[in-house]
Amino acid sequence: MAKLIGKTYAQALFEVAEEMDKIQQFKEELNSIYEIFDKEKEFKIIFEHPKLSKNEKKDIINSVFKGRVAQQVLNLIYIVIDKGREKYLMDIIEEYIELSNEKQGIIEAQAITAVPLDEEEKLKLQNKLSEKLGKNVVLENIVDEGIIGGVLVKIQDKIIDASIKGQLDRIQKNLKDIRVTRIGVSS
């Protein structure tokens with residue numbers, strides 16, 4: 001349900017952005033809204049609170065975002081409030097970013113490593129992935145010490161596991177699959 005609602009609203013805004021040639025601008029503005037809602041949990045709780053009136057919620061949005069984002073983006077949020085769909089705002093933003101990336105030939109990927117990649121390593125991996133996929137890959141580096149070493153790359157619903165932990169897991173599975181057969185030796 002959330003995916004469908006998100007896609008419907010995002011598609012409507014995307015069509016407006018396309019007509020106005022503001023796909024990237026709206027994407028950046030929505031991204032900043034997303035970051036605020038994601039980092040400021042109390043703000044999100046207040047925005048979604050059922051006891052606040054629609055007008056109070058619109059006033060809050062105006063005080064935070066008016067003049068910082070396009071009127072069309074504000075209008076989308078007003079419509080979301082009028083329809084009582086505040087809890088779907090993050091889904092709408094995610095869907096818009098996905099539509100925008102698709103239109104711009106961009107794929108977002110995550111490189112999960114035990115230690116942070118330096119800029120050169122990140123750029124090299126990003127370029128290699130872009131070349132292999134034929135699209136512009138935007139790579140985010142996430143540090144997870146559980147990886148031990150190597151890299152785990154997530155691209156949409158695909159995972160490329162070149163981590164030491166992944167290799168150890170595969171070895172362990174293979175060892176479990178090996179059945180030792182005893183061969184009788186006659187003297």
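1. Basis. The model is predicted, so that local features need pLDDT of at least 70 and side-chain atom pairs count only at pLDDT 80 or more, while totals for chains, interfaces and linings use all residues. Residues are numbered from 1 along each chain as its sequence is written, and side-chain values use heavy atoms, with hydrogens and water left out.

2. Helix 1 against helix 6. Helix 1 (residues 2-20) packs on helix 6 (residues 89-104) at an angle of about 50 degrees, the axes being 7 Å apart; helices here are DSSP runs of H or I with at least four residues, numbered from the N terminus, and axes are lines fitted to C-alpha atoms over the stretch in contact, with angles from 0 to 180 degrees between N-to-C directions. That angle makes helix 1 oblique to helix 6, a label for what remains once angles under 35 degrees (roughly parallel), over 145 (roughly antiparallel) and 65 to 115 (roughly perpendicular) are set aside. The contact (heavy atoms within 4.5 Å) involves, among others, Ile5, Tyr9, Leu13 and Phe14 of helix 1 and Ile92, Tyr96 and Leu99 of helix 6.

3. Helix 2 against helix 6. The axes of helix 2 and helix 6 come within 10 Å and cross at roughly 145 degrees. Among the residues in this contact are Phe26, Leu30, Ile33 and Phe37 of helix 2, and Ile93, Tyr96 and Ile97 of helix 6.

4. Nonpolar cores. A nonpolar core is a set of buried Ala, Val, Leu, Ile, Met, Phe, Trp, Tyr and Cys residues joined through side-chain atoms within 4.5 Å, where buried means under 20% relative accessible area, exposed over 50% and partly exposed in between, with a 1.4 Å probe and protein chains only. The largest core has 32 residues, of which Ile33, Phe37, Ile61, Phe65 and Tyr96 touch the most other members. Helix 1, helix 2 (23-39), helix 3 (41-48), helix 4 (54-65), helix 5 (71-82) and helix 6 each supply at least two residues of this core. Leaving aside neighbours within four places in sequence, Phe65 is in contact with Ile33, Ile36, Phe37, Phe43 and Leu74. A second, separate core of nine residues includes Ala109, Ala111, Leu129 and Leu139.

5. Lys58. This residue lies in helix 4, and Lys58 is buried, with a relative accessible area of 19%. Not counting residues up to four places away in sequence, Lys58 touches Tyr78, Ile81 and Asp82.
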